[in-house]
Amino acid sequence: MTKDPNDPSTTDWRRPSPSTRLEALSDAVFAFSATLLVVSLEVPKTFDELVGNLGGFVGFGFSFAILIMIWAAHHGFFRRFPVQDLSTTALNALLLFLVLFYVYPLKFLTSVVAGFYLGTEDVRGMLSSSEQMSDLLLLYSSGFVAVYLCFVMLYFSVVKKREALELSDLELFDARAMVRHYGIYVGVGVLSIALTLGQVGMAFGFPGWVYALLGPLCGVNGVRSARRRDALVATQSPAG
């Protein structure tokens, strides 16, 4: 019997596949989110307004970069594991909802950071008290944790369904490695929330600076995972 290549039930889920409706919808939501980052910038009517608006592009640049990081993580999951079962669809829908919710707090926070360190925005006009700064950090960190917890749950769902999905040892290792990777993101976000709630180092911006831990922590985890993966590949390679 000839298999229809367009029938999802006959597609080997472990192989790269054309974009699905689920991915197409997701890309549309990410594109709309990027639009929301700039929609509040009105066309300047004078040159002075143009120069004033240019400062907003610094915050836009930072927030756009973070949005692209989330999109890249989403793209990476569906390139590795293009599953479309009910739980994956539900988690993907939750992720897209969080991304849309995340956009304005993200843009506001990056604008505040750019204004504070680069003088591109009037920070005093944006935040009237330290309590508002704490609330903003909590809002940002909560969204950060929720977004990357979705990725942890997506990869963990693949691990749980390893037998049904017929994962190879290498594919199972990769899925578990990504659970650890995004688990680090969640852990750092939770640490930021804890510091904010405890008002620890707020004067020095400690709850924000803890996100710098992502680089070294993910780097160490990546090196260790790469070594273990190479060892696994070596054990599966035929003897020379």
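Accessible areas here come from the Shrake-Rupley method with a 1.4 Å probe. On that basis, the protein's accessible surface is about 13,900 Å², and carbon and sulfur atoms hold 66% of it. Keep in mind that you're looking at a predicted model.

**The overall picture**
- You'll find 9 helices and 0 strands in the protein.
- Going along the sequence, the pattern reads α-α-α-α-α-α-α-α-α.
- Of the 240 residues in the protein, 40% are buried.
- Take the contacts with a separation of 6 or more: 76% of them link residues 24 or more positions apart.

**How H6 sits against H7**
- Helix H6 covers residues 130–160 and helix H7 covers residues 169–197; they pack at about 160°, with axes 8 Å apart.
- That angle is why H6 counts as roughly antiparallel to H7, since the cut-off for that label is over 145 degrees.
- The crossing of H6 past H7 is left-handed.
- On the contact of H6 with H7, the residues split into 22 nonpolar, 7 polar and 1 charged.

**How H7 sits against H9**
- Helix H9 spans residues 214–236, and its axis comes within 10 Å of the H7 axis, with a crossing of roughly 170°.
- H7 and H9 are therefore roughly antiparallel to each other too.
- On the H7 side, the residues that meet H9 include Leu170, Phe173, Arg180 and Tyr185.
- On the H9 side, the residues that meet H7 include Leu217, Cys218, Arg228 and Leu232.
- The residues of the contact of H7 with H9 come to 11 nonpolar, 4 polar and 5 charged.

Conventions:
Residues numbered from 1 in each chain as written. Predicted model: local features only at pLDDT ≥ 70, side-chain atom pairs only at ≥ 80, totals over all residues. Heavy atoms only, no water. Axes fitted to C-alpha atoms, helices over the stretch in contact; angles between N-to-C directions. Helix = DSSP H or I, 4+ residues; strand = E, 2+ residues; numbered from the N terminus. Parallel < 35°, antiparallel > 145°, perpendicular 65-115°, else oblique. Left-handed = near helix turned anticlockwise from the far one by under 90°. Nonpolar A, V, L, I, M, F, W, Y, C, P; charged D, E, K, R; others polar. Buried < 20%, exposed > 50% of the residue type's maximum accessible area, 1.4 Å probe, protein only. Contact = heavy atoms within 4.5 Å.
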